[in-house]
Amino acid sequence: MRNKLDETRKTGRRTRTSHAQVVDELGKEIVAGTYPVGTILPGDTELAQRFKVSRTVLRETMKTLAAKGMVVAKARVGTRVTEKNLWNMFDSEIIAWHFDNGVTEEFLLQLYDIRLAIEPFAAGLVAERANAEDIETLRALALEMAASGHTADSLALADLNFHLALAEASHNPFMRTLGSLIEAALVGMFRMSTPPSENGFANIADTHMRIVDAIVSGDSLAARRAMELVILDGRHHVHEAFVARGSETVIVPISTEISHQ
């Protein structure tokens, strides 16, 4: 999936500002529990020495983390790490930091819960609103999944492109903001699983084409159901992968810059 991220991000790791680098490091450490909930972060002097940045950069960093709901600043007390229920879990960086720290089965399945709550409805909207260009794009992307020689990464990329295109075809701008959640869920599923030819992903083009067929026929309910089955299948693969690994937590390599156009 890294190649997708490198192509689509307007700014990547190599061009990140000092501000972005400090946000990334502190964000990872908060998620990892290096700075647990309730902890007061080190002061400006200590952080400035550690990261070799100005106080201005640090102030902007804390504003960014505060906007994500991860910290709150109080006069004469310092900047405190907030309760996790205040974090913006739709934020692409927060999702990526969880992957860096090692994701649990519960975390990935929760991503699929959100997909189930929203993507089937989006598919229904597409059945009602899609134009000819939308349909042609979705059909081509579904066919791409049937191409021979896919690796886990390339198939995940083809799958991702389909789901992002479907969100666009709903003609509802709020749907597009789910891109980071969809990508995280798909990366988790494909990177944890065995190669496509060995784990039941061989029919992925067929299951996605059923979504397209329902959209073409304008059948909103059928489109919803077809999308629901695709997501449930992915959820099943995640569970099976954790069972096979015999572990509740696994490191799933993923760029910290999830595509979020």
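Reader: How many cavities of 30 Å³ or more does a search of the whole structure find?

Author: Three, in this predicted model. The largest cavity holds about 100 Å³ of space.

Reader: Why is that space called a cavity?

Author: A 1.4 Å probe fits there but cannot get out, so the term is cavity. Fifteen residues, written 15 in the count, line the largest cavity; D159, M189, H208, V230 and D233 are closest to its centre.

Reader: Which residues line the second largest cavity?

Author: I118, E119, A122, H163, L166, A167, M175, L178 and I182. Its volume is about 50 Å³. Seven are nonpolar, one is polar and one is charged. Glu is in the charged class, so E119 is the charged one.

Reader: What makes the largest pocket a pocket and not a cavity?

Author: A pocket is an open set of points, whereas the probe cannot get out of a cavity. The largest pocket has about 300 Å³ of space. K84, M89, H98, T104 and F107 lie nearest its centre, among 13 lining residues. Helix 6 supplies the largest share, three residues.

Reader: Where does pLDDT stay under 50?

Author: Over residues 1-15. It is also below 50 over residues 255-261. Where pLDDT is low, predicted coordinates should not be read in detail. The chain average is 86.

Methods
Residues are numbered from 1 along each chain as its sequence is written. This is a predicted model: local features need pLDDT of at least 70, side-chain atom pairs count only at pLDDT 80 or more; totals for chains, interfaces and linings use all residues. Side-chain values use heavy atoms; hydrogens and water are left out. On a 1 Å grid over the protein atoms alone, a cavity is a set of points where a 1.4 Å probe fits but cannot get out, and a pocket is an open set with protein on both sides within 12 Å along at least five of seven lines; lining residues have an atom within 4 Å of a point. Grid points are joined across faces, edges and corners, and a volume is the space filled by probe spheres set on the points. Helices (H or I, at least four residues) and strands (E, at least two) are DSSP runs, numbered from the N terminus. pLDDT is the predictor's confidence in each residue, from 0 to 100. Contact means heavy atoms within 4.5 Å.
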